[in-house]
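Subject: Structure handover

Hi,

Here is the structure I promised to pass on. Please load it first, then read my notes below.

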Amino acid sequence: MNTTWRRRISRAFDRLLGIDRALPVRRGVLLAQYVWAFLVIALCTQISRIMTGAPAFGLDNVVMVYMLGIVLAAIRYGPGPAMLAAVLAVIAINIFFLPHSAFTLSAGAQNLVTLGAMFIIAAVISVLALRARQQAELARRRERRADALYAMSRDLAGAVDADDLARAAVQHIGDEFDSRVAVLLSERGEKLLIIGDDEIVSGMDEAAQRIAEWTLEHRQWAGRGAEHEPHSDTLYIPLIASRGAVGVLCLRPAASDRALSAEQTALLQTFANQTALAVERAQLADEAGQAQVQVQTEQLRNALLSSVSHDLRTPLTAINGAASALLDGDIALDATTRRDLTQSIYDEANRLNRLVGNLLDMTRLESGNVQVRKEWQLFDEVIGAALARAEPQLAGRAVTADIPADLPAAPLDAALIEQVLINLLENAAKYTPPGSPIEIHARADADALIVEVSDRGAGIAPGDEERIFDKFYRANGARADATSTERGSGLGLTICRGMVQAHGGRIWASNRAGGGATFAFALPLRE
Ligand code: ADP
């Protein structure tokens, strides 16, 4: 019988008995198992010889002892050693327990019957034991596979972007398949981005790239053992998600001669599917994020344009009107009117100057171009400078500054903090009735210098305390109650927050008991 036929018959038997040869259930040296079967029968013989001394122990019991031995050999060592045990048992019974006169023809026939029974028991028990062991092995493998998949999906869920995901997949798949792994991500039609094991990444020559591109395009497995490029040492698996192929998984097993079993192939496909879905999810999230940023940028640009065009045009119109009236030779202007017109040109030019200054500050803050040059400063000097610069806006106000004499010097950029104070003072003047008082308080606690600018205006509408620091946000409540001309761009407080934060500090707003708002900021006292 040639080997092909032998293999066919053995496969048919396996199928009949429900045995899967692909599962390596017995390990170790096979010869040792036969030796153990021999020893078991030797032990049975010894036990039986001792027991035959007892009066009630007949030949039936001897056979039972051997049966037990055969069952043991069948369970522990499988069919081959169990058959050997059966043969040895019949020989041992004949030699040690049957009288020699019994070696007759009928005894030979009886021997055959005993041997046949023992063979059947050995075969049935060993096959049952083998199947039970295989079931247990299968269950163990399934559990290990589920654990591996769970561990990978947990890491994939925790990854922040597609690169991170690819790295997690490379590690888990590499461990599970004892292979070097790389993931090639296709970045929206651009070149493939390679992430993975150094060895496989550095070995990605043009030929390898070509196979990867083929895999991506045809969405089929390629390389090692596959139909396309079967002689490559690396396997290329397309990562296919709902929108199409998102990349390629490259796998180079450490044992270069062994092909993947059907079970491993299925598992690898599951790993690839999980990775593909996770990568697609990350790419979608990324695209959604970018789209949102674009919308926000667009909104911001529109808001800036409308705000700036309105705020630039109003003072320009006023300047234009006043200047043309002054220039018009046909109209005789008295000295007071001339002075008023000149004053309005001066005020509006100042307003324009402030607006342009704010816009420049904002742009610098946004682009991260603000350099904080901290120096140890006494705070009353900074307040003095700010009050002097905001003087035109504070005209007619009672401004009190409560600064303790022992207030420690603080490390700050005087120019930036002066600007913060000016913005807060101008707001306090802008959003309160003319003539109402403004207070400045400064104090120091263990690690911060705290400054408050308080007024007696309408205060801040509930819920607006945070939002008034947002770019271009202008609260309506305050505008309705304020009586001064409160034109603005909604940038002043945003700039304050940017400058305070650039110092490592924070700024906040609250309403005061008895009416009015307090804007406070804290700057760290230690560098
Ligand atoms: P702008 O003054 O140009 O509107 P800001 O960023 O300085 O921009 O202020 C944002 C909003 O915060 C203002 O529109 C105003 O409604 C509110 N606000 C600022 N300061 C005060 C204040 N002292 N009292 C009441 N509301 C204020």
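Start with Thr 234. Leaving out residues up to four places away in sequence, Thr 234 touches Ile 200, Ala 222, Gly 223, Arg 224, Cys 250, Leu 251 and Arg 252. Contact here means heavy atoms within 4.5 Å.

Two notes on the source. This is a predicted model, where local features need pLDDT of at least 70, side-chain atom pairs count only at pLDDT 80 or more, and totals for chains, interfaces and linings use all residues. Residues are numbered from 1 along each chain as its sequence is written, and side-chain values use heavy atoms, with hydrogens and water left out.

Back to Thr 234. It is buried, with a relative accessible area of 2%. The classes are buried under 20%, exposed over 50% and partly exposed in between, with a 1.4 Å probe and protein chains only. The side chain of Thr 234 makes a polar contact of 3.0 Å with the side chain of Asp 233. A polar contact is a pair of N or O atoms within 3.5 Å; within protein, one must be able to donate a hydrogen and the other to accept it, and residues adjacent in sequence count only if both atoms are side-chain atoms.

Thr 234 sits in the loop between β3 and β4. Helices (H or I, at least four residues) and strands (E, at least two) are DSSP runs, numbered from the N terminus.

The sheet around that loop

β3 and β4 belong to an open sheet of five strands, in the order β2-β1-β5-β4-β3, with antiparallel pairing. Two strands pair if DSSP finds at least two bridges between them. The edge strands are β2 (192-196) and β3 (222-223), each pairing on one side only. Two bridges join β3 to β4 (residues 235-241). Ala 222 stands opposite Tyr 236 in β4. Helix α8 (residues 206-218) packs on this sheet and touches β1, β2, β3, β4 and β5. The direction of α8 makes about 35° with that of β4. Axes are lines fitted to C-alpha atoms, for helices over the stretch in contact; angles run from 0 to 180 degrees between N-to-C directions.

Another open sheet of five strands runs β7-β9-β10-β12-β11, with mixed pairing. β7 (399-402) and β11 (506-511) stand at the edges with a single partner strand each, so one side of each has no neighbour in the sheet. The twist averages 15° from one strand to the next. β11 and β12 pair in the antiparallel sense over six bridges. Arg 506 has Ala 522 in β12 as its bridge partner. Helix α11 packs on the sheet, touching β7, β9 (438-444), β10 (448-455) and β12.

Arg 389 lies in α11 (residues 379-389). Arg 389 is partly exposed, at 47% relative accessible area. Its side chain joins that of Glu 418 in a polar contact of 2.9 Å.

The ligand

Which residues are closest to the ligand? Of the 19 that surround it, they are Tyr 431, Asp 455, Arg 474, Ser 489 and Leu 493. A residue counts if one of its heavy atoms lies within 4 Å. α12 (414-430), α14 (492-502) and β12 (517-524) each supply at least two residues of the shell. α12 gives the most, with three residues.

A ligand nitrogen atom is 2.8 Å from an N or O atom in the side chain of Asp 455.

Best wishes
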